[in-house]
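Morning, everyone. I have one structure to walk through today. Please bring up the sequence and the model.

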Amino acid sequence: MHDLRCALPAIRSAGMTLRDILIHPDPRLRTVTKPVGEITDDIRRLADDMLETMYDAPGIGLAAPQIGVMSRVLVMDAVKEEGAAPRPMALINPEVIWSSEETNVYEEGCLSIPEQYAEVTRPAEVKVRWTGLDGKAVEEQFEGLWATCVQHEIDHLNGKLFIDYLRPLKRQMITRKMQKLKREMARGEG
Ligand code: NI
């Protein structure tokens, strides 16, 4: 998920690699991803690279299919208070186990749909269960921007994008803009 309010400094350490972010439309962004089995060094490296790529963008969330890895891994850091310490999180095999009746509206964006923003209504609070990078099961209840972010990223793991919540006409308009952007990018590189 993209958020212009995010002004966090990039957290960098040796060995992290920036990955290319796929732009919609791309069949990999429409694929249901596979659960992660064991938490290996490869998975920890993937999470590090994803955090590096997310902070660099900058964004507040990134899901593995957005860098072409079809596994149920997402990273996020929705700390938005200026000067607050960052809270990088990596969630393996996350699932929403409870959603509030109460909803919240946020203007969402997506690193795979650059420069496009629209209001999306989602449950205001969700309880999520996942496996941490240490292999332990974790449960946490999220609210506010964190709740929206984690739901947006879990959607990615199921091949769903925030534009799917919009009216078809608006969605088609955004998709056409992205097709044009990709053509321009391809020309620029060629
Ligand atoms: Ni996104």
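How many helices and strands does the protein chain have? Three helices and seven strands. Helices here are DSSP runs of H or I with at least four residues, strands are runs of E with at least two, and both are numbered from the N terminus. From the N terminus on, the order reads α-β-β-β-β-β-β-β-α-α.

Some ground rules. This is a predicted model, where local features need pLDDT of at least 70, side-chain atom pairs count only at pLDDT 80 or more, and totals for chains, interfaces and linings use all residues. Residues are numbered from 1 along each chain as its sequence is written, and side-chain values use heavy atoms, with hydrogens and water left out.

Overall shape next. The C-alpha atoms of the protein chain fill a box of roughly 45 × 40 × 35 Å along the principal axes. Buried residues account for 45% of the 190 residues. Buried means under 20% relative accessible area, exposed means over 50%, and partly exposed is in between, with a 1.4 Å probe and protein chains only.

Now contacts, meaning heavy atoms within 4.5 Å. Take the contacts between residues at least 6 apart in sequence: 69% of them join residues at least 24 apart.

On to the inside. Which residues have the most contacts inside the largest nonpolar core? They are Met76, Leu91, Val128, Phe142 and Val150, in a core of 21 residues. A nonpolar core is a set of buried Ala, Val, Leu, Ile, Met, Phe, Trp, Tyr and Cys residues joined through side-chain atoms within 4.5 Å. Helix 2 gives the most, with seven residues.

Leaving aside neighbours within four places in sequence, what does Leu91 contact? The list is Arg72, Val73, Leu74, Met76, Val128, Trp130, Thr131 and Val150.

Now the backbone. Most residues other than glycine have a negative phi, and most peptide bonds are trans. Here are some exceptions.

Start with the cis bonds. The His24 to Pro25 peptide bond is cis, with omega near -5°. Pro25 sits in the segment before helix 1 (41-56). Ala57 and Pro58 are also joined by a cis peptide bond, with omega about -5°. Pro58 is in the loop between helix 1 and strand 1 (61-63).

Then the positive phi values. Asn93, in strand 3, has phi near 50°. Glu115 is not a glycine either, yet its phi is positive, about 70°. Glu115 belongs to strand 5 (residues 113-123). Is Glu115 buried or exposed? Its relative accessibility is 66%, so Glu115 counts as exposed.

One more proline. Pro86 lies in the loop between strand 2 and strand 3. Its relative accessibility is 36%, so Pro86 counts as partly exposed. Pro86 and Ile23 are 63 residues apart in sequence, and their C-alpha atoms are 26 Å apart in space.

That's the tour. Over to you.
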